Amino acid sequence: MGTPAGPHVVRAGEGDVTGEPGFQDRYLLESAASSGRVALVEHVLAPKMLAAPMHRHSREDEYTFVLAGTLGVIEEGLEITATPGDMVAKPRGRWHTFWNAGDDELHVLEIIVPGGVEALFRRLADPGGEHSPDTLPALAAEYGAEVDFEATMPLVERHGLLF
């Protein structure tokens, strides 16, 4: 599938949503609709929710734009927070993760260039898509990604995160 002809609008409350309350993804533009050039996914996380274990991508860069709430990010060992209107770049090849660092629901727009890894998000949200430290590394590798649970747990403990 290529780029849709004419204006393509995904209205508020529309778009395919996966996940459970507390951690949901809303797919605004998938790579198939942009000839693989870009994907846009809104992540919605409950307070203290970790988005993913520490990981890195070999194929894509991610840009996270904060719509509402407080985003916590660790990227290559540097921890920061970002608030509405802020954008955080997470270049390919660099270890990172993010979480809801505030007391309110977090809404971020994830811009993925080129698109493709959003298919992994869908697989993780499938019924039975929960993956353990034993199974997630092989699944992530299918998408050119690596995960590091050992580096994740100190972050979870330090911030009292749900994971």
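Strands are DSSP runs of E with at least two residues, numbered from the N terminus. The exercises below concern a predicted model.

**Exercise 1.** Determine in which strand histidine 57 is found, and decide whether histidine 57 counts as buried or exposed.

*Solution.* Step 1: Strand S4 covers residues 54-57, and histidine 57 is found in it. Step 2: The relative accessibility of histidine 57 is 4%. Step 3: Buried means under 20% relative accessible area. Histidine 57 therefore counts as buried.

**Exercise 2.** Identify the side chains with which the side chain of histidine 57 makes polar contacts.

*Solution.* Step 1: The side chains of histidine 57 and glutamate 60 are joined by a polar contact of 3.2 Å. Step 2: A polar contact of 3.0 Å links the side chain of histidine 57 to that of glutamate 62. Step 3: When residues up to four places away in sequence are not counted, histidine 57 still touches Glu62, and the list also includes Arg92, His96 and Val117.

**Exercise 3.** Describe the largest nonpolar core and the surroundings of phenylalanine 121.

*Solution.* Step 1: This core has 14 residues, of which Ile112, Val117 and Phe121 touch the most other members. Step 2: At least two residues of the core come from each of strand S3 (39-45), helix H1 (118-125), helix H2 (136-141) and strand S11 (145-148). Step 3: H2 gives the largest share, three residues. Step 4: Neighbours within four places in sequence aside, phenylalanine 121 is in contact with Asp25, Tyr27, Val41, His43, Glu62 and Ile112. Step 5: Another core lies apart from the largest one; its 11 residues include Leu45, Leu71, Val88 and Leu106.

Terms used: Residues numbered from 1 in each chain as written. Predicted model: local features only at pLDDT ≥ 70, side-chain atom pairs only at ≥ 80, totals over all residues. Heavy atoms only, no water. Helix = DSSP H or I, 4+ residues; strand = E, 2+ residues; numbered from the N terminus. Buried < 20%, exposed > 50% of the residue type's maximum accessible area, 1.4 Å probe, protein only. Polar contact = N/O pair within 3.5 Å; in protein donor to acceptor, adjacent residues only side chain to side chain. Contact = heavy atoms within 4.5 Å. Core = buried A, V, L, I, M, F, W, Y, C linked by side-chain atoms within 4.5 Å.
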